[in-house]
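User: Hi, could you walk me through the model I'm about to paste? I'd like a quick chat about the chains and how they meet.

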Amino acid sequence: MTVAFIVDVGLAILILFVAGWIVAVRSTFAAVIGFVVYGLLLSLVWVRLWAIDIALTEAAIGSGVTGALLLRTLSRISTVDTAQSANKSFRLIAGLFCAFISLAIALVIIALPEPAPTLAPEASAGLPAVGVGNPVTAVLLAYRAFDTFLEKVVLVLALVGCWSLAADRDWGGTPVLWRYSDPDGVLKFLAQTLPPIGVLVAIYMLWTGADNPGGAFQASAMLAAMWMLSIVAGLTRMPRTNDDRLRLTLVSGASAFLLLGFAGFGIAGSFLAYPPDYAKALIVAVEIPMTIAVAATLVMLVAGPPQRGGVS
Amino acid sequence: MTSATLFGLCGAILIGLGLFELITDPHPLRKILGFNLLGGGVFLVLGVVARRGAAAGYFGDPVPQALVITGIVVAFSATALAVALVVRLSEVSGRVSLTSQSSEQPHSDGAEG
Amino acid sequence: MKSAMILLLARDIFTIVTVTFGAFFFLAGTVGLIRFPDTLTRLHALTKADNLGLGFVALGLLPWAGGMVALKIVCVWILVQFSSSTASQLIARLAQQERPRA
């Protein structure tokens, strides 16, 4: 029983306590704040599980951007339960069902095969050909690059679905993020100081993601946060949803992947294949539009459907 | 018990808690929160599988880790779309509820959401 | 060498003492968050945890870090000061608007 294990037990108890609190607390606002705390604690767990890339992504997207999204939603809907809460017997049955599922998964965890099957040797054997040092980046952008390409498409699809929920008269208009009057200029000061640092950190995370923990998604979450900060402080305007440059930026990520994929036919023999000498250069070249596109998509997803100024 | 198994059990309980909130809470935003709790638990189980696959000089199998990263981003986009639907529902109907108007009667065994 | 051993011991003691101070301030901030009556006093307690607690913990970790990592730790503390002070000011303004002090 090492000290590290005691810390792990404490962390697990804390996470379960916060999760139970989210389920049990009456106020929805408190549940959302609890969810942000839950995401941050979860990223600590990822660090303990030696998954630093996941820790960065969970803190940035899972807790940060999702928290911003949920907080923005709270200000737009009434949080009073207008439906009757479920009756006691239904909750009991649901509770037993969920306990049964938890028990089943716990038994699976305990009965996981030993020695554990793993793809780490195959992943690390292919790294010299790809030219990157971080195996997670290699999996995301070389071995399973097709999945990452499809993920870009899923993001754009979710955004199109979001936009299509606007009223007909608002189509093509501007979403509203937050309206905030800032008489002391404090938020404006923060929005003038933080984004240069944030953009620098994002570029660093993108560049170093090739060999160290980091990568495109974490960098794009940072860029999205900086852009959202500038918009909320009033330094930049939220773009219109029929803005050509915005739409070009949003599709540029998936398009760059598609271009690279079809180019793979010519230069390396099959769709989305990389030639061995230029693999790292191509990966970085496709990561840059991907990061910018995902950042723009994240901001527009948090902003939601257009609310005003539609084309009539 | 290693720390990986401990976090795996923690993930199993999180799955149960998230599923419970998804099923029983009538407010749609709480259901979305439960869905995210459930997602966190599932990702934790995947991460435990990755941790146990430590080999070849790495501390974790990179393939499940990449799957979890993709999963976190996709879960966020699903949450965003679900949230947009809830907001639109609230704007159009004036209330936030998944039950239809006629079945909301204030009697003792109330309608479930 | 005796002096090297003394130096290592001094580093360990320094880290333990400063991180314990930091943990104490975090504890004080959390107790204040739970026990203080209204928003403004709770913010006052939280800034102690943010400022001093994080500062002491960061200070205690500095001897263990190389040059660049030590700089990054200090940058983390500075960035947290920026964001937490802005957030505190915004929340305090909102709290004062909702319940102006007599």
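Analyst: Happy to; here is a look at the chains one by one, then at their contacts. This is a predicted model, where local features need pLDDT of at least 70, side-chain atom pairs count only at pLDDT 80 or more, and totals for chains, interfaces and linings use all residues. Residues are numbered from 1 along each chain as its sequence is written, with chains lettered from A and ligands numbered from 1 in the order in which they are written.

User: Great. How many helices and strands does chain A have?

Analyst: Chain A has 12 helices and 0 strands. Here helices (H or I, at least four residues) and strands (E, at least two) are DSSP runs, numbered from the N terminus.

User: And which domains does chain A have?

Analyst: Chain A is assigned domain 1 (1–77), domain 2 (86–117) and domain 3 (131–312); the bounds come from an automatic or database domain assignment. Taken over C-alpha atoms, the centres of domain 1 and domain 2 of chain A are 21 Å apart.

User: What does chain A span along its principal axes?

Analyst: The C-alpha trace of chain A spans about 60 × 60 × 40 Å. Of its 312 residues, 43% count as buried. Buried means that 20 or more other C-beta atoms, placed from the backbone, lie within 10 Å of the residue's own.

User: Switching to chain C: what percentage of its residues count as buried?

Analyst: For chain C it is 12% of the 102 residues. Chain C has 3 helices and 0 strands, and its C-alpha atoms fill a box of roughly 65 × 25 × 15 Å along the principal axes.

User: What radius of gyration does chain C have, against a compact globule?

Analyst: Chain C has 18 Å, while a compact globule of 102 residues would have a radius of gyration near 13 Å. That radius is taken over C-alpha atoms, and the globule rule is 2.2 Å times the number of residues to the power 0.38.

User: Now the contacts. Which chains share the most?

Analyst: Chains A and B do, of the 2 pairs of chains in contact. Two residues are in contact if their C-beta atoms, placed from the backbone, lie within 7 Å.

User: Where does that leave chain B and chain C?

Analyst: Those chains do not touch, and the nearest C-alpha atoms of chain B and chain C are 22 Å apart.

User: How many residues of chain C are in contact with chain A?

Analyst: 5 residues of chain C are in contact with 6 residues of chain A. The chain C side divides into 2 nonpolar, 3 polar and no charged residues. Ala, Val, Leu, Ile, Met, Phe, Trp, Tyr, Cys and Pro count as nonpolar, Asp, Glu, Lys and Arg as charged, and the others, Gly among them, as polar.
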